[in-house]
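Please look over the structure shown here before reading the notes. They cover strand pairing and the nonpolar core.

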Amino acid sequence: RKISVGLFFLSLLVGCGNDESSSGSGSGSGQPAAVSKYGTPEDTARTFFAACGAADWAGAAACCSKTAPGIDEVRDQKLADGEKETFKTLLGPAKPGAVEKAADGKTATVKFVVTKNGKNKDAELKLELDGSDWKITDLD
């Protein structure tokens, strides 16, 4: 199930549940440990979170798929000021958690936790392999 970026953050603003954080690390993409910021799903998530925390919207957009409609507001840098502040506050401190890769190795999900008002909510980044880079296709 996919939701737009706006609905994702609306659900976070309405209320975070008491979900437990899932931690752990996923496996690499089979690519050599290159200098690419997008060589593994975790690398892309880490780069995206850091860019959001620094209000580097061009950097956040570079982590996104060029074609996926689920992340278009970020990719096209069309976030409203309130959405930018929400991204900065909620995603800036986030850390990549468990990674699930599809059997074909072309898509992955990175789990992470956001905290609002002291309450945790589990969330996911959906990614796809684009050449040798992992790009975000959706926030869920």
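The notes below begin with the basis of the model and then take the strands and the core in turn.

This is a predicted model, in which local features need pLDDT of at least 70, side-chain atom pairs count only at pLDDT 80 or more, and totals for chains, interfaces and linings use all residues. Residues are numbered from 1 along each chain as its sequence is written, and side-chain values use heavy atoms, with hydrogens and water left out.

**Strands and hairpins**

- Helices (H or I, at least four residues) and strands (E, at least two) are DSSP runs, numbered from the N terminus, and two strands pair if DSSP finds at least two bridges between them.
- Strand 2 (residues 107–116) and strand 3 (residues 119–130) run antiparallel, joined by 10 bridges.
- Lys116 has Lys119 in strand 3 as its bridge partner.
- Two residues lie between strand 2 and strand 3 in their hairpin, and Asn117 in the turn has a positive phi of about 55°.
- Strand 3 is also joined to strand 4 (residues 133–139) by six bridges, and these two run antiparallel.
- Asp130 stands opposite Asp133 in strand 4.
- The hairpin of strand 3 and strand 4 has two residues between the strands, and Gly131 takes a positive phi near 70°.

**Nonpolar core**

- A nonpolar core is a set of buried (under 20% relative accessible area, 1.4 Å probe, protein chains only) Ala, Val, Leu, Ile, Met, Phe, Trp, Tyr and Cys residues joined through side-chain atoms within 4.5 Å.
- The largest nonpolar core has 29 residues, and those with the most contacts inside it include Phe48, Phe112 and Leu125.
- Helix 2 (41–53), helix 3 (57–62), helix 5 (81–91), strand 2, strand 3 and strand 4 each supply at least two residues of this core.
- Helix 2 gives the largest share of this core, five residues.

How values were computed. Buried < 20%, exposed > 50% of the residue type's maximum accessible area, 1.4 Å probe, protein only.
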